[in-house]
Amino acid sequence: MKNNRIIIFDTTLRDGEQCPGASMNLREKLEVARQLARLKVDVIEAGFPVISDGDFASVQSIAKEIKGPIIAGLARCVPKDIDAAGEAIKPAGKRGRIHVFLATSKIHREFKLGKARDEIIRLAVEGVKRAKSYVDNVEFSPEDGSRTEPDFLVQVCKAAIAAGANTINVPDTVGWAIPQEYEALIARLYEEVPEFQSDKAVISVHCHNDLGLAVANSLAAVRAGARQIECTVNGIGERAGNAALEEIVMALKTRSDFYGGLQCGVNTREIVKSSRLVSRMSGLIVQRSKAIVGENAFAHASGIHQDGILKKRETYEIMDPQEVGWGKTDLPLTKHSGRAAVTARLKHLGFKMTETDVQAIFARFKEIGDKKKFVYDDDLTALVEGHITEMPETWSLDYLSVTSGTQTVPTATVRLKKSANKKASGEILQDAGIGDGPVDAALKAIDRLTRTRGRLMDYSLRAVSQGKDALGEVTLKVDFGNGGLVTGKGASTDVIEASARAYLNAVNRFLCDNPNPPDNEPQP
Ligand code: KIV
Ligand code: ZN
């Protein structure tokens, strides 16, 4: 049988980022990639370079900076995609991988591609060969593999391997598979393709969660010989998402009795940190009851359970929360803490910051320190991540005052500073807005001042740390009428200020991507 090592291929930055409203900018992607390297995944799929200049640049930067994991770039089976992927991953040298894909199922062949079986094989072979001219490490995915006729899938695998593919990934693209069926499909490939048995090529799986079976399918496949699992942190991804990395890794580890000692190289203590970072960078909130990384994953409410835990933890806990990175935080900082202490804590938390970054974080730390007694690691992390997600600020918040109450029309007065540029020296503008509530009033005032017109599509608020003076972090998604949703994030001890900061962050992102936005007349 095969070796026991499971390769963890993380596609948070590619399939994960394909999730509507989850798009990240270069700095955010780099921060996630650094964390994935600390998590010790084996492969980082950094993006789809041909899609846009931004995607190309982020794959290239990740390939340049990140040491350790293999860096993969995705490409369709067409020359311009493969060339873009080859160029983008070049800085990773021998750690570069090109991942080419082409649909093979009958429905995709007939309705999407209009191509016969032999044509598909020809294109797959050409694509793999072209990728091979850039790198040794080539992965091929027959898209919609789980719905492809098994005999044809075997032929495709053999042809792609003969052309040079080292890994064959069998995607359950639409989340159609059922564990026993998917296991049988992988078993058949393993039996009929000699290179899988001789370890010359690796079988990989890539499961989507449309029926909530992505993790179950991935785990079933490894029992049949798959040795690479494609997954994302928090399970984010197209539609219902991909298999969740943390669930796969902890299932293999916790139930190694069942999985016959299959091992992966992930540093499980970095799991919670990775989950939080991805959540903040993507703006996708993790549900409280999410396995491993949800707030409630290790919370025991019932008295019987609490009693059992106190007597012996294993009575109701199958994993040690500290093993996945939950647990005690170090002593909190206070407003008296100096720059050296803050810098040291940032370093300890794993952030790589320039002097200018530290300066900006320290200024925000002092503001927060004045308002709350203790600044916990989570507070500091929220400040750093808020800073990372900041855009070149066209507008910054200078002043905010709100009146609201049961008998008052909620009113907000907002003063914004406009950044200086070639055409204008920075100006300060002030206006007021009324709304259905204080947050609505503040956002309306911001719209009036910036002459944007955003529709709030999603809003969430969470307490970053403990206590009544906890920092509130707002994540929102705004529709500015440009065909996509823009994510904004902001944190403060005051939830209305956090909301205004988050909205302004979205406005700045929108203006950064759309330098000539429509000049909307201010609305009343
Ligand atoms: O779901 C899918 O089929 C994919 C491929 C590009 C691997 O994401
Ligand atoms: Zn996918």
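The legends below describe close-up views of a predicted model.

Local features require pLDDT of at least 70 and side-chain atom pairs pLDDT 80 or more, whereas totals for chains, interfaces and linings use all residues. Residues are numbered from 1 along each chain as its sequence is written, chains are lettered from A and ligands numbered from 1 in the order in which they are written, and side-chain values use heavy atoms, with hydrogens and water left out.

**View 1. Domain layout of the chain.** Domain 1 (7-282), domain 2 (297-327), domain 3 (339-389) and domain 4 (395-513) divide the chain; such bounds come from an automatic or database domain assignment. Taken over C-alpha atoms, the centres of domain 2 and domain 4 are separated by 40 Å.

**View 2. The largest pocket.** A pocket is an open set of points on a 1 Å grid over the protein atoms alone, where a 1.4 Å probe fits, with protein on both sides within 12 Å along at least five of seven lines; lining residues have an atom within 4 Å of a point. The largest pocket holds about 1,300 Å³ of space, a volume being the space filled by probe spheres set on the points, which are joined across faces, edges and corners. Its lining comprises 42 residues, with Val-272, Lys-273, Arg-276, Gly-325 and Asp-378 nearest the centre. At least two lining residues come from each of α1 (26-39), α11 (271-282), α15 (377-388), β12 (455-463) and β13 (472-479), and α11 gives the most, seven. Helices (H or I, at least four residues) and strands (E, at least two) are DSSP runs numbered from the N terminus. By class, the lining of the largest pocket has twelve nonpolar, 15 polar and 15 charged residues. Ala, Val, Leu, Ile, Met, Phe, Trp, Tyr, Cys and Pro count as nonpolar, Asp, Glu, Lys and Arg as charged, and the others, Gly among them, as polar.

**View 3. The second largest pocket.** About 1,000 Å³ of space lies in this pocket. Of its 43 lining residues, Glu-17, Gln-18, Ser-23, Ile-51 and Asp-55 are closest to the centre. The largest share of the lining, four residues, is supplied by α17. Because domain 1 and domain 4 both contribute to the lining, the second largest pocket lies between them.

**View 4. The surroundings of ligand 1.** Residues around ligand 1 (a heavy atom within 4 Å) include Asp-15, His-99, Phe-101, Glu-143 and His-206. Polar side-chain atoms lie 2.9 Å from a ligand 1 oxygen atom for Arg-14, 2.7 Å for Thr-173 and 3.0 Å for His-208. Taken alone, ligand 1 exposes 260 Å², of which the protein buries 94%; accessible areas come from the Shrake-Rupley method with a 1.4 Å probe.

Notes. A polar contact is a pair of N or O atoms within 3.5 Å; within protein, one must be able to donate a hydrogen and the other to accept it, and residues adjacent in sequence count only if both atoms are side-chain atoms.
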